[in-house]
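My notebook is open and I'm going to look up a few things, one entry at a time. Please put the sequence and the structure up first.

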Amino acid sequence: MTTTDPSGYAEVSGLRMYYEIHGTGTPLLLLHGAYMTIEMMEPLLAGLAKGRQVIAVELRGHGHTGDAEGPITYEQMADDCAALLGQLDLAPADVVGYSMGGATGIQLAIRHPDVVRKLVIASASYTSDGMPEVARNMFPTITPELFAGSPFEDAYRRTAPHPEKFPVLVDKLKRLDTTDFSWPDDDIRGITAPTMIILGDSDGVTLEHAVQFFRLLGGGVMGDLEGMPRSQLAVLPATSHFFPPGNGLLDRSDWLLAMIPPFLDVEDTAATMQAAATTMQPA
């Protein structure tokens, strides 16, 4: 585990939200997937913290943060994250989100654009039908018993303030997963942060959806003649969402760490060129 600087709880939206800060440098908010905790993001966290100040959080209902009144929604988790960054005075920050954390990152960029500098969305969609049909058919069958003996249940029971409430988390995330959503194309087009979309070629997001996502962000052009877009798309070969072990997207941390920091570090040439063009306009 990387060396932890400050860690603790922030009071946001009626929630005691747990966070840890690792490393130094440009702030980066790291958002985990459903049923996960900070420690389950460790390979990616450790690599990112070598050159950044990583603010790793546990989203509502998860890990040390525990439960709160009401449903779990992407919009509410995005508001929680914006409030946390404000309290810590670490906005704007780069945002890296995986799965549920990725969808939360999308909403963060839509609802709170001023707090997001650059955005990395891994294995997440902006519509429910961007997930494969087999996944959407599976979600209603999820029960707490399905997680018996799993790393997800183990992490929750070791960290949650009320370990007996794991079935409550399962019920709330089941509702989240079975509630149809479709965020407007105009909202996606309106994301101002340069965005990297990452998925596996056998992931919980369809390739067609990822390409459409990329196009809405200005991608899919011929860079030779039209210039390179501000956003990027990466499809990892032989890579699933999480299972089987060894094939999940987070198992490719070496690949992710070869792509994410360079994307975050590169100068936003499109914005720079636009600013230069503006200053060259005659008075």
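**Entry: one residue to start with**

In which helix is Val211 found? I looked it up, and Val211 is in helix α8. A note on names: helices (H or I, at least four residues) and strands (E, at least two) are DSSP runs, numbered from the N terminus.

Before going on, I wrote down that this is a predicted model, where local features need pLDDT of at least 70 and side-chain atom pairs count only at pLDDT 80 or more, while totals for chains, interfaces and linings use all residues. Residues are numbered from 1 along each chain as its sequence is written, and side-chain values use heavy atoms, with hydrogens and water left out.

Is Val211 buried or exposed, or something in between? Val211 counts as partly exposed because its relative accessibility is 35%. My cut-offs: buried is under 20% relative accessible area, exposed is over 50%, and partly exposed is in between (1.4 Å probe, protein chains only).

**Entry: a nonpolar patch**

Helix α8 (207-216) and strand β8 (232-240) each supply at least two of the patch residues.

**Entry: salt bridges**

How many salt bridges are there? I got 12, taking a salt bridge as a side-chain nitrogen of Lys or Arg within 4 Å of a carboxyl oxygen of Asp or Glu.

One of them joins Glu39 and Arg158, at 2.9 Å from N to O. Glu39 is in the loop between β3 (26-31) and α1 (42-48) and Arg158 is in helix α5 (residues 151-159), so this pair ties together parts 119 residues apart in sequence. Glu39 is partly exposed, at 34% relative accessible area.

Next I checked Asp94 with Arg52, a salt bridge of 3.9 Å, N to O. Asp94 sits in strand β5 (residues 93-98) and Arg52 in strand β4 (residues 52-58), so the pair ties together parts 42 residues apart in sequence. Asp94 and Arg52 are both buried.

Then came Asp80 and Arg60, whose closest N and O atoms are 2.7 Å apart. Asp80 is in helix α2 (residues 74-88) and Arg60 in the loop between β4 and α2, 20 residues apart. These two are buried as well. I also found a network: salt bridges with shared partners join Arg52, Asp94, Arg117 and Asp265.

**Entry: back to Asp94**

How buried is Asp94? Its relative accessible area is 0%. Leaving aside neighbours within four places in sequence, Asp94 is in contact (heavy atoms within 4.5 Å) with residues including Thr26, Pro27, Arg52, Arg117 and Leu264.

**Entry: helix α3**

Since 10 of the 12 residues are buried, α3 is largely enclosed by the rest of the structure. Among the buried ones are Met100, Ile106, Gln107 and Leu108.

**Entry: the core**

Which residues have the most contacts inside the largest nonpolar core? They are Ile198 and Ile260, in a core of 86 residues. Helix α2 gives the most to this core, with 7 residues. A nonpolar core here is a set of buried Ala, Val, Leu, Ile, Met, Phe, Trp, Tyr and Cys residues joined through side-chain atoms within 4.5 Å. Not counting residues up to four places away in sequence, Ile260 touches Leu44, Leu48, Val96, Val120, Met196 and Ile198.

Most residues other than glycine have a negative phi, and most peptide bonds are trans. So I went looking for exceptions.

- Ala91 and Pro92 are joined by a cis peptide bond, with omega about 0°; Pro92 is in the loop between α2 and β5.
- Phe243 and Pro244 are also joined by a cis peptide bond, with omega about -5°.
- Tyr35 has a positive phi, near 70°, and is buried at 7% relative accessible area.
- Ser99 has a positive phi of about 55°, and lies in the loop between β5 and α3.
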